[in-house]
Amino acid sequence: MSPSFAASPFDSWLADDPEIASLLTREAERQSTTLQLIASENFTSPAVLAASGSVLTNKYAEGYPGRRYYGGNQIVDEVEDLARERAKSLFGADHANVQPHAGANANLAVYQALLEPGDTILAMRLDHGGHLTHGSPASITSKVWRFVSYGVSPATGDADKPGEVIDFDQVADVARRERPKLIVAGSTAYSRIIDPMPFREIADSVGALFMFDAAHPAGLIAGKVHPSPVGVADVVTFTTHKTLRGPRGGAIVCNAEFAKAIDSAVFPGLQGGPLEHVIAAKAVAFAEAARPEFHTYAANVVANAAALGRSLTKEGFRMVSGGTENHQVLLDLRAFDEELTGKEAQETLDRAGLTCNRNTIPDDPRSPFVTSGLRLGSAALTTTGMGEAEMQLVGELISRTLRSRQDDAELGAIRAEVRELCSGFPPYPTLVTT
Ligand SMILES: *Cc1c(COP(=O)(O)O)cnc(C)c1O
């Protein structure tokens, strides 16, 4: 049975703009009928959607609660105070700044708060999983600060000790040699727990500050299935839209001693008026993440990624670092098919209704545009209620799709099965009637 999206609310909300209304309906349909496996995506609650689509988008509020440059901010002050209090309580932090428009802005603000231009930052190599803001030549970060890097240990080929985990000897060596003023932990494509303690010890041994970029695992930390870097690192940045399941945005929590510097770096250092509608939605997400159900969710995210990894391993794929301890599965496609690139895999999976992204793997022989890897995530599908049985099936669907690259009929059949699977797990059952 094919779902019908006749009951999407967008047609009535956007009655005067049928072009955008129809695009929103089509995107709601895409999200509801294909499998969302992008590791940095999730489905927010309807409450988060409502807050981010609210009248708060009309309000200018440059400054911070109680110290605004515009009038009329009594209510907005209460919104932002609530968001800050909820963030502090969720992560057990002294101070929170909820204004960064995105994770990249949060990182930029921290660099600006703690460093002078030209200072040295030690962060993860981009081709081993570091983020653009960790010193990509294409990012403003590398033009203002001097980056040096660490990576993961080499793959060993030994199933018991596979390697490809953060090489702390290398972190310590580079730190001793380069004397960075800031050490950054955190990654965009890494399937293991990142323990903040060894980073803290290395930072202390060379007199560096320590920032933990928790963009990906923030929800796993809030859900208490990963160790918290709060109180260990000097500053923790995160996005609110990945595993934390809130609106698109960024935030920073830190020790009291850095509060003023961080706030000034975000505004007026980097941004103008804050997005108070998004801040309200962040507040909603922080409250949701404090509930016991969210702890269960976080545990299920990790269990589901492990189940997906087991299924794919059985199908002949190799997981980078030999496994997963978070929401990500990073696949080395070469073990499955030497000829298959990340680019072709992503494009073929898209045709079958499985949405994911290609990714470099450590020491990838192919270019970042082509790659030999695929990054998958379990956070969004877990939100829809899928469990380990569905993950097993998704692994099989991925394998079948990638073995049928030239077979349009088989890809069409898989697309129909994906649609059928999705119809049992609608992300917005109360909003979009299928
Ligand atoms: C996603 C991500 C960011 C940036 O988030 P945006 O909201 O896309 O700017 C920063 N650091 C890491 C490690 C990330 O994965």
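A residue counts as near a molecule or strand if one of its heavy atoms lies within 4 Å of it. This is a predicted model, where local features need pLDDT of at least 70, side-chain atom pairs count only at pLDDT 80 or more, and totals for chains, interfaces and linings use all residues. Residues are numbered from 1 along each chain as its sequence is written, and side-chain values use heavy atoms, with hydrogens and water left out.

**View 1. Who sits around the ligand.** Of the 13 residues around the ligand, the nearest are Gly103, Ala104, Asp213, His216 and Lys242. By type, the shell splits into three nonpolar, eight polar and two charged residues (Ala, Val, Leu, Ile, Met, Phe, Trp, Tyr, Cys and Pro count as nonpolar, Asp, Glu, Lys and Arg as charged, and the others, Gly among them, as polar).

View 2. Look for a backbone N or O atom of Ala104, 2.8 Å from a ligand oxygen atom. Taken alone, the ligand exposes 390 Å², and the protein buries 86% of that (Shrake-Rupley method, 1.4 Å probe).

View 3. H5 gives the most to the shell around the ligand: three residues. This helix (a DSSP run of H or I, at least four residues, numbered from the N terminus) covers residues 103-114. At 1.5 Å a residue, its 12 residues should span 16 Å, and the end C-alpha atoms are 17 Å apart, which agrees; the expected span is 1.5 Å times one less than the number of residues. Nine of the 12 are buried (under 20% relative accessible area, 1.4 Å probe, protein chains only), including Asn105, Tyr111 and Leu114.

Key. Helix = DSSP H or I, 4+ residues; strand = E, 2+ residues; numbered from the N terminus. Buried < 20%, exposed > 50% of the residue type's maximum accessible area, 1.4 Å probe, protein only. Polar contact = N/O pair within 3.5 Å; in protein donor to acceptor, adjacent residues only side chain to side chain.
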